[in-house]
Amino acid sequence: LVATGQITRARLDAALLRNRTSPKRIGDLLVEAGAGSGKTTELVNRMVALVATGTATVDEIAAVTFTRKAAAELRERFQSRLERDVRAAGAPPEVTERLRAALEGIDRAFLGTIHAFCARLLRERPLEVGLDPAFEELTAEERHGFYARYWEAHLERLARDSDPLLDELNAAGLGTGLLFGLFEKLAENPDVDFPAQEAAAPTGAELGAVRRELESLVRTGMELMPERAPDMGWDSLQKKLRSAAFSLEVTGWKRPADFFEALTLLCKDGPKGHEITQNRWRNAALARDLRDRADAFGVGDTQGNRLLDRWYAHRYALALRLAQRAAEDFAEHRRRSGRLDFQDLLLLAARLLRRNADVRVELGRRYRRLLVDEFQDTDPLQAEIVLLLASEPPEPAGDEDHAPAGARAEGN
C-alpha cells in the first residue's frame with residue numbers, strides 16, 4: 001500500500017491494520033498502530049471471525065483488557081457485532097448458526113480485565129497458592145484504610161515487644177509516622193526489589209572537625225547580624241544560620257540526628273553557592289568572607305556533604321528494613337485472611353502459572369484463543385502472566401487434541 005497526498009496517516013494505519021490482522025492470519029500476532037487506527041475494532045472483528053469460521057467457540061476465547069471501562073466497551077461491541085451478523089442475510093446457514101450460538105453463550109467467554117482473569121483463576125485453584133477459597137478482593141475505597149490499620153497494628157506490636165529497630169530509628173531521627181508512604185509503596189510492589197546496603201552512621205570522631213567548623217560559622221554569623229531583622233527581612237544565609245543557632249541552643253546537638261539536621265541547612269550540591277544581601281549585615285566585607293567559608297564548608301564535594309550522604313544511607317537502610325518487614329508480614333496477613341488487593345491477584349496468579357504446568361495445560365485447552373487489548377499498558381508482572389498464558393505448556397504423552405499454545409496468543 002503506497003500513501004498518496006490524499007491518504008491521511010490515520011487512514012493509512014487503518015488500512016495496514018486491516019491487512020495485517022486479517023482473520024486468515026493465524027499464530028501469534030502483535031499489532032502496533034497509532035491511536036484512532038481501529039485496533040479495538042479489528043480485535044472485535046477477529047473475535048467474530050474466530051467463531052464464524054469455527055476456529056473457536058465463544059467459550060474458548062479470552063479477551064483481556066486493562067480497565068473495567070474498556071472491558072465493558074469490548075463486550076458491548078462484540079455483542080453488537082454478533083447481533084448484526086446474525087440478522088445479516090446471505091451468510092451460509094452453518095455460519096449463522098455459529099454466530100447465534102456465540103451470541104447465546106456470550107457469557108461463557110472471558111471478556112474482562114487482567115485482574116478479573118487472575119481472580120477467576122485463583123478461585124478455581126485457591127489451595128494451590130495457600131488461599132482461603134472464600135477470599136475477597138479489596139475495593140479501592142477499602143484499600144487505604146486496610147493498609148493504614150495494619151501499619152498501626154504492626155508498629156504497636158514492635159513497641160510491645162521492645163523491638164530494638166525502633167530505638168535505632170529514633171536515634172536516627174526517623175519517626176515511624178513518616179514511613180507509612182514507604183511501607184505502602186513496598187506493599188503495592190511486592191515483585192520489585194528495593195536494594196539497600198546496611199550503612200553505619202558516621203562516628204563522633206569523624207564528626208569532630210565538621211561540627212567545630214559548623215559551630216564556628218554559626219557563632220560568627222550571629223555576631224555579624226544586626227540585633228533586629230532588617231526592613232526587608234533576613235537574607236537566605238542569615239535564615240539558615242539562625243535556624244542552626246536555634247537548634248544548637250535547644251538541643252545542644254547531643255544526638256547525631258539533631259546535628260545532621262542542622263548540617264543540612266548549609267550543605268548543598270552546588271555549583272551555586274549561598275547568597276547574601278550585603279546591606280543586611282553589620283559588615284559587608286566580613287559577610288562576604290563568611291559566605292565564602294560557608295561555600296567551602298558545604299557546597300559541592302565537601303567533607304560535610306560526604307558525611308551527610310553516609311547519614312542518609314544509614315537512615316534509608318533503617319527505614320527500608322522496617323518497611324520491608326512490615327510489607328512482607330502484611331502480604332502474608334492478606335493471604336491468610338483472604339483479603340487481596342489487585343497486586344496480590346497478579347502475584348499469586350503468576351506464581352501459580354509459573355510453578356504449575358498442569359494449570360497452563362488446562363487453560364490452553366479451555367482458552368484456545370487469547371486476545372489482549374492495549375498490551376503496552378501492562379507492567380512486567382502483567383506481561384509475564386500474558387506470556388505464560390500464551391506459552392506452549394508441556395504436552396502430556398499421547399495427547400494430540402490440544403492446540404499448540406503458539407496459535408493462541410493475539411494482541412495489540
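This briefing walks through the helix packing, the cores, the aromatic pairs and a few backbone details of the structure above.

The model is predicted, so local features need pLDDT of at least 70 and side-chain atom pairs count only at pLDDT 80 or more, while totals for chains, interfaces and linings use all residues. Residues are numbered from 1 along each chain as its sequence is written, and side-chain values use heavy atoms, with hydrogens and water left out.

**Overall picture**

- The protein chain holds 16 helices and 7 strands; these are DSSP runs numbered from the N terminus, with helices being H or I of at least four residues and strands E of at least two.
- Of its 412 residues, 45% count as buried. Buried means under 20% relative accessible area, exposed means over 50%, and partly exposed is in between, with a 1.4 Å probe and protein chains only.
- Among contacts with a separation of 6 or more, 77% come from residues 24 or more positions apart; contact means heavy atoms within 4.5 Å.

**Helix H6 and its two partners**

- Two packed helices are described by the angle between their axes and the distance between the axes. Here axes are lines fitted to C-alpha atoms, for helices over the stretch in contact, and angles run from 0 to 180 degrees between N-to-C directions.
- Helix H6 (residues 140–160) packs against helix H13 (residues 303–337) at an angle of about 120°, with the axes 10 Å apart.
- The crossing of H6 and H13 is right-handed. That term applies if the near helix is turned clockwise from the far one by less than a right angle, and left-handed if anticlockwise.
- On the H6 side this contact uses Phe146, Tyr147, Tyr150, Trp151, His154, Leu155 and Leu158, and on the H13 side Leu322, Arg325, Ala326, Asp329, Phe330, His333 and Arg334.
- By type, the residues of the H6 and H13 contact are 9 nonpolar, 2 polar and 3 charged. Nonpolar covers Ala, Val, Leu, Ile, Met, Phe, Trp, Tyr, Cys and Pro, charged covers Asp, Glu, Lys and Arg, and the others, Gly among them, are polar.
- With H8, H6 makes an angle of about 115°, and the axes are 11 Å apart; this crossing is right-handed too.
- Here Arg143, His144, Tyr147, Ala148, Tyr150 and Trp151 of H6 meet Phe180, Phe183, Glu184, Ala187 and Glu188 of H8, giving 7 nonpolar, 1 polar and 3 charged residues.

**Nonpolar cores**

- In soluble globular proteins, nonpolar side chains tend to be buried together. A nonpolar core is a set of buried Ala, Val, Leu, Ile, Met, Phe, Trp, Tyr and Cys residues joined through side-chain atoms within 4.5 Å.
- The largest core has 53 residues, and Phe183, Leu214, Leu263 and Trp281 touch the most other members.
- H13 gives the largest share of this core, 11 residues.
- Beyond its neighbours within four places in sequence, Phe183 contacts Tyr147, Tyr150, Trp151, Ala323, Ala326, Ala327 and Phe330.

**Aromatic pairs and a cluster**

- There are 13 aromatic pairs. Rings of Phe, Tyr and Trp (its six-membered ring) pair if their centres lie within 6.5 Å; planes under 30 degrees apart count as stacked, over 60 as edge-to-face and the rest as tilted.
- Phe260 and Trp311 are stacked, because their ring centres are 4.5 Å apart and their planes are at 10°.
- Phe260 is in helix H11 and Trp311 in helix H13, so this pair ties together parts that are 51 residues apart in sequence. Both residues are buried.
- Phe146, Tyr147, Tyr150, Trp151, Phe180, Phe183 and Phe330 form one aromatic cluster.

**Loop residues worth a look**

- Pro202, in the loop between helix H8 (180–188) and helix H9 (204–224), counts as buried because its relative accessibility is 8%.
- Not counting residues up to four places away in sequence, Pro202 touches Leu207, Phe260, Leu307, Arg310 and Trp311.
- The C-alpha atoms of Pro202 and Arg310 are 6.9 Å apart, although the two residues are separated by 108 residues along the chain.
- A cis peptide bond with omega of about 5° joins Gly270 and Pro271, and Pro271 sits in the loop between H11 and H12.
- Ser162, in the loop between H6 and H7, has a positive phi near 50° and is exposed, with a relative accessible area of 58%.
- Trp253, in the loop between H10 and H11, has a positive phi of about 50°, but is buried at 2% relative accessible area.
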